[in-house]
Amino acid sequence: MALTLYVDTARWRAHHKHVQEQFPGLVPVCKGNGYGFGHERLAEEVTRLGADVLAVGTTYEAARIKDFFSGDLLVLTPYRRGEEPVPLPDRVIRSVSSVDGVYGLVGARVVIEVMSSMKRHGVSEQDLPQLHAAIENVRLEGFAIHLPLDRTDGSDAVEEVIGWMDRLRAARLPLHTMFVSHLKADELARLQQQFPQTRFRARIGTRLWLGDHEATEYRGAVLDVTRVAKGDRFGYRQQKAASDGFLVVVAGGTSHGVGLEAPKALHGVMPRAKGVARAGLATVNRNLSPFVWSGKQRWFAEPPHMQVSILFIPADAQEPKVGDELVAHLRHTTTQFDRLVDR
């Protein structure tokens, strides 16, 4: 019995094709846990799409995925002098975010990242004059800009890219290819129209693999069901049952990512109020699980174990049976399934 990721394969792949049609020259991204699907599976899907470049997060990911994908691999984490050397084939392209980094990669294929309003990493406008000499000893594949997801100041993503295109052009640097992230299809089309001599290539991960929420579903199998009465003690900490009901042991625990949650940016009063309410309940050991039964998200009876979770189902709900599967609302990028089923 397992935590299973079910994939409506035809629908999932139809979404991939739709995104590819919207973004000509698409560079799929496969990093972290492979957006919940795993590196090997996504490499297979990228090959199916016919993409010539696959972007990965780190050199270690490139080393793992190189045997599953025969095209070029673009490492998104910038090169730093002194990093641990990882044996990689010539088809690997390194990202660089400093002039010193370019000098450190003599003979390599590189993409130079420019500093966007993300202010994460990238060369600055002041660095551009020094790049002329630096790029003579590398194989420049293009420049790249990583844009923020939200623009709360009302600024225009396209204008930010145009600003950098103008700076690069003024510095007389090659503009044959620009890799971009977090642009809409119409924004990419605007850029391509304004700069017809430059090939704009969108690096896309989340929108490509997780953009159709109805194409995938996690389910945890019920392993055991035990009836309890109010006051009965249970679990590792021998807590008392608050009322009559059922203790339901379901596949999916901390090793799968259940109960682990990445921090989220909250916008607006209502989401913040809900966050405060959840925090308050947690102080009295009341934590909502991601598992759904009879149309309701159910409470953890106690913190999730390594491979299973124990839920409390009240007596007035339908009793689950061993072998039933509970839908689980889990974040793909923090979840590790036991099995993937195409259907």
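**Loops and a helix pair**

Me: At 44% relative accessibility, what does Ser294 count as?
Reply: Buried means under 20% relative accessible area and exposed over 50%, with partly exposed in between (1.4 Å probe, protein chains only). At 44%, Ser294 therefore counts as partly exposed.

Me: Glad to have that; what ground rules apply here?
Reply: This is a predicted model, where local features need pLDDT of at least 70, side-chain atom pairs count only at pLDDT 80 or more, and totals for chains, interfaces and linings use all residues. Residues are numbered from 1 along each chain as its sequence is written, and side-chain values use heavy atoms, leaving out hydrogens and water.

Me: What is the phi of Ser294?
Reply: Most residues other than glycine have a negative phi. Ser294 sits in the loop between strands E14 (288-293) and E15 (296-300); strands are DSSP runs (E, at least two residues), and helices are runs of H or I with at least four, both numbered from the N terminus. Although not a glycine, Ser294 has a positive phi of about 55°.

Me: And what is the phi of His182?
Reply: His182 belongs to the loop between strand E8 (177-181) and H7. At 34% relative accessibility, His182 counts as partly exposed. This residue is not a glycine, yet its phi is positive, near 65°.

Me: How is H6 oriented to H7?
Reply: Axes are lines fitted to C-alpha atoms over the stretch in contact (heavy atoms within 4.5 Å), with angles from 0 to 180 degrees between N-to-C directions. Helices H6 (residues 157-170) and H7 (residues 185-194) pack at about 30°, their axes 10 Å apart. Angles under 35 degrees count as roughly parallel, so H6 to H7 is roughly parallel.

Terms used. Parallel < 35°, antiparallel > 145°, perpendicular 65-115°, else oblique.
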